[in-house]
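Please look through the sequence and the model below before reading on. The briefing that follows moves from single residues to the chain as a whole.

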Amino acid sequence: MRRREMLKTVASLGAIAVCTSHLCADDSRNIPLPRIDFHAHRDDATLEDLCAIAAKKNVKLGIVEHAGTKENIYPIVLSNDEELLAYIATVKESGCFAGVQAEWLDWSGCFSASVLAKLDYALGDAMTVPSPGGKRVKLWENYEIGDVDQFMDMYAEFHVEVISTQPLDILANPTWLPDGLMPRHAELWTEKRLRPILDALDQRGMALEINSRYHLPGERLLAMGKEAGITFSFGSNGRGNMVGEIDYCLEMAKKYDITAVNLFDPSRRSATRGG
Ligand SMILES: [Zn+2]
């Protein structure tokens, strides 16, 4: 009896500890998940049209335009304060969140800290990797993989480098692999390779995107991330009719008990970002 009482006391103390820093874990399950797609691309569409597409899915959009130096080749690359400010004003006027998809490791140097701070968030990925000579190469275009294990070790380390060195809020397209390797995703992304990525996210307070386009980051990292208590975000990486497509994200959130308190919220964006 005494032991049972002691266990009850310990359990209630544990509950208090959980409830002091955030909402109580039990309460958080009653809060509806915010239906936000933080990874929507504008491309040639109007923001009005994209908002209408997302509204039909009952989803709010976060728009991301590529940002960085002009060495990054995309139809639009925001590269200075003036361009970024005009973009932020336009997107915010539409009612969407204004984000950027940061390119390479030198992107933030294109902007002043005060302008970056006006963004709702910045997301970035590890899909443009250093070639053996150190030049930026788009992994989905013309990268020579060579030895798969060596490549995977380099790629896992590069994820950590991006997370550790870049002023980002969200790691997008996490653990993405080129087509040839994607069928081996679960085998190649071992816990040993994932753990340093998770630790870096945790240390930096960066959100891990649950990506509905590629079904990433894989269920092993989702489970590990939930257990570690990191933050997640939903992202379609969609264009046109695909924006706001977050069904997969919602399915994974349900499966791994990811609740509203576990999700990225731009209003709680770290003041240290954007510099
Ligand atoms: Zn994208």
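D257 is found in the segment after α11, where helices (H or I, at least four residues) and strands (E, at least two) are DSSP runs numbered from the N terminus. This is a predicted model, in which local features need pLDDT of at least 70, side-chain atom pairs count only at pLDDT 80 or more, and totals for chains, interfaces and linings use all residues. Residues are numbered from 1 along each chain as its sequence is written, and side-chain values use heavy atoms, with hydrogens and water left out.

**Backbone angles**

- Phi of D257 is near 60 degrees, a positive value in a residue other than glycine, and D257 is partly exposed, with a relative accessible area of 28%; buried means under 20% relative accessible area, exposed over 50%, and partly exposed in between, using a 1.4 Å probe and protein chains only.
- N173, in the loop between β7 (170-171) and α8 (185-188), also has a positive phi, near 45 degrees, although N173 is not a glycine.
- After α10 comes G229, whose phi is positive as well, near 80 degrees.
- The peptide bond from L216 to P217 is cis, with omega near 15 degrees, and P217 belongs to the loop between β8 and α10.
- As background to these angles, most residues other than glycine have a negative phi, and most peptide bonds are trans.

**N211 and its surroundings**

- N211 lies in strand β8 (residues 207-211) and counts as buried because its relative accessibility is 0%.
- The side chain of N211 makes a polar contact with the side chain of N173 at 2.8 Å, a polar contact being a pair of N or O atoms within 3.5 Å, of which, within protein, one must be able to donate a hydrogen and the other to accept it, while residues adjacent in sequence count only if both atoms are side-chain atoms.
- Leaving aside neighbours within four places in sequence, N211 is in contact (heavy atoms within 4.5 Å) with H39, N173, L216, G235, N237 and Y248.

- Beyond four places in sequence, the contacts of F234 include L33, P34, F38, I210, C249 and L263.
- F234 and E245 are 11 residues apart in sequence, and their C-alpha atoms are 9.4 Å apart in space.
- In helix α11 (residues 247-255), the residues Y248, C249, L250, M252 and A253 are buried, and the buried residues of this helix pack against β8, α10 (219-228) and β9.
- In α10 the buried residues are L221, L222, M224 and G225, and they pack against α9 (191-204), β8, β9 and α11.

**Cysteines**

- The count of disulfides comes to zero, when a disulfide is taken as a pair of cysteine sulfur atoms within 2.5 Å.
- C96 is in no disulfide, and the nearest cysteine sulfur, that of C51, is 3.4 Å away.

**The chain as a whole and its confidence**

- The secondary structure of the chain comes to 11 helices and nine strands, and of its 275 residues 49% count as buried.
- The mean pLDDT, which is the predictor's confidence in each residue from 0 to 100, is 90 for the chain, and 88% of the residues reach 70 or more.
- Over residues 1-22 pLDDT stays under 50, and the model has three contacts beyond four places in sequence for them.
- Where pLDDT is low, the predicted coordinates should not be read in detail.
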